Amino acid sequence: MKSASEMMSGNDLFISAAQEVRIRQELTRVAMGLIPADLVLRVGRLLDVHTRRWVEQQDIVMYRRRIAWTGPAGTYTGTARAHVERLELSAVPGFGEVHKHIESSHLTPEYEAALVLPRGNTWTCEASHEFSNVDGAHNLSFWMTARSHGVPLKIFPLPGSAVPPTAYEGGGGYYGYDEQSAFMGGNLMVPGLDEVMDWPSVWNPESPSYARLWGMIQATYEHRGVVEGHGAGLHDTRSINAFAAAGLASDHEVLNMAELQAKLQAGIFVALRHGAIPELVRGMLDAGFEDFSQIALTTDDRSASDTLRMGATDYNVRRAMEAGLPPEIAIQCVTINPARHMRLTPWVGSLAPGRFADVVLLSDVAALDIAEVWADGQCVAQNGRYIAPMPAIAWPAWASQTINITRELVAEDFAIPADPGRQTMQAAVLRPFHWADDFLVETLPVQDGQVQRDTSQCITKFAVVDRYSGQGRVGRMFWRGCGPSTPDTAVGCSVAHDQHNIWVVGSSDAAMAQVVNQIRRQQGGWALVRDNTVLATVRYEVGGLMTARPAEALDADMQELYAQARTIEWMHEPTYSKNWPEGFPERLCFATLTCSPWRWVLVAPNPSVPEGFVNVQTGQTHPIVW
């Protein structure tokens, strides 16, 4: 049997159509028995996901990284260099992710592979608007790097539509028609356009992002790619029909049965996240659904810590099975269904000739107990342990030096001046996940010429710091119900969906400055400060989003951060607890989103939004205090 390095040296990564043709010419001759195969894997039974049938005693013939032939054991007419028998195990295709942000694991792709492959996940459609907002020019290179170093996880990157997320933001990338056309035309691994989230810019020709978004959609169609959608907050019949009419082919934001049925009827492919799986699977079964071909199970955003605790794609499958979905259908929802939707069936989604030799071997189908995982024709995991080689990747400066702030920030950068002679000022106030039409207005005290926080009203200060221009521009305002009430304390992170500037929340301006300076020094990640002391840090040195370390090492740092955070008193509004959990405000990483259904948001200041406070639905701006 060939070594992993020998197998990776072949021209079968299908970077181009010409390379893909060459490997398929060879596979054809292997299937005919004219070229020796590399390996025959004999299994007790195999799930044919095309027909949802188990077939007994099957041989899977592998050549290079692909399957060349499948059929009844012992009937292959060719020869092979090696034979392996797993007659006690059941074979199903490698699990796929129809929509996932690998950056949200906070692991670089080689360590993501080591985490998810033992859990059955062999391929991922990467929703790449996270890293592409950090460095749009190198986005595709980033996602191809691990694969070129021999990593067996297949990553199909979809360039981000949200680059930038709205016309009121700007950072490390810009994608329009030309960029998307180049992505789609240059690499067969790019299946389409990442989730289109700026809904007002899809339907409203007056939006400043209208032409850019429709240019990307046009380029995707010209290359017969898939345009992915993001329909959060779109529940009414008019919006659902408009969403489908725009060609947005999928939605992973569906929360209830009425919305699910309406979107399926509109021809929208629905990907269920783990939190919605139990209710919606039970609802479909109770409603008598027989055809689940328009359904997938998706991870979307999941940290390495949560994956270690819960699982990866396998967790989603188990959730569906626990809700009553037969194992065969649940497996289809992470194999052939997402592959068909993303038009990737020539390569993944089934145990069939021409596809990558990715096999999940189950010792117990009903419990989804994974005994072995094969990827690229090699056994890469046994009994939950990753056994494939881990390449040493020296990530270049464009990936590892992305926090571009050329100065030390000081407390004055976070001060909010009051008008002369005023004892109080009116202030615009937001909450985390504030989706209301209008911001809150509160009266805040003035001291020494500056507008102050008010702990009695559960109000602290929140800021977004520009990490791209070198200037370190600071957008700051007051937020309610989040952040520390402990004095001289602040926490911040360089993960701030989707633009990924640095956010920081704190009970003193000096502590906020110290947090940002620490994040700048470590080139991304978390920092927690109290009383002029850095209590805990977590390093995301690649893109300010990920770390090139094992999941267990990252989790250890996160647990230390959580332990230190438990010594802090955090603000919390019980009346708002449905949207905002009590305790350490980790979800602030998502509270900077600017897509639907967000309206008023704080972004890093720029010439079009000098204070950073803008309604992304209308473009309206407003003073922070008055």
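Hi everyone, let's start with one residue. Leaving aside its neighbours within four places in sequence, Arg81 is in contact with Pro36, Ala37 and Asp38, where contact means heavy atoms within 4.5 Å. Before going on, a word on the source: this is a predicted model, in which local features need pLDDT of at least 70 and side-chain atom pairs count only at pLDDT 80 or more, while totals for chains, interfaces and linings use all residues. Residues are numbered from 1 along each chain as its sequence is written, and side-chain values use heavy atoms, with hydrogens and water left out.

Back to Arg81. With which side chain does the side chain of Arg81 make a polar contact? With that of Asp38, at 2.8 Å. A polar contact is a pair of N or O atoms within 3.5 Å; within protein, one must be able to donate a hydrogen and the other to accept it, and residues adjacent in sequence count only if both atoms are side-chain atoms. Arg81 is partly exposed, because its relative accessible area is 49%; buried means under 20%, exposed over 50%, and partly exposed in between, using a 1.4 Å probe and protein chains only.

Arg81 is found in strand β4, residues 80–93. Helices (H or I, at least four residues) and strands (E, at least two) are DSSP runs, numbered from the N terminus. β4 belongs to an open sheet of eight strands with mixed pairing, in the order β3-β2-β1-β4-β13-β14-β15-β16. Two strands pair if DSSP finds at least two bridges between them. Which strands are at the edges? They are β3 (66–72) and β16, each pairing on one side only.

Strand β14 (residues 369–375) runs antiparallel to β15 (residues 378–382), and four bridges join them. Trp374 has Cys379 in β15 as its bridge partner. This hairpin has two residues between its strands, and Asp376 takes a positive phi near 55°. Next, β15 pairs with β16 (residues 385–386) over two bridges, again in the antiparallel sense. Here Gln382 has Arg385 as its bridge partner, and Ala381 stands opposite Tyr386. That hairpin also has two residues between its strands, with Asn383 in the turn at a positive phi of about 50°.

The C-alpha atoms of Arg81 and Trp503 are separated by 56 Å, and the two residues are 422 apart along the chain. Trp503 is part of a cluster linked by ring pairs, together with Phe462, Trp479, Trp526, Tyr562, Trp570 and Phe584. Rings of Phe, Tyr and Trp (its six-membered ring) pair if their centres lie within 6.5 Å; planes under 30 degrees apart count as stacked, over 60 as edge-to-face and the rest as tilted.

How many aromatic pairs does a search of the whole structure find? It finds 23. Why is the pair of Phe462 and Trp479 stacked? Because the ring centres are 3.9 Å apart and the planes are at 10°. Phe462 lies in strand β20 (residues 459–465) and Trp479 in strand β21 (residues 474–480), so the pair ties together parts that are 17 residues apart in sequence. Phe462 is buried, with a relative accessible area of 0%, and Trp479 is buried too, at 3%.
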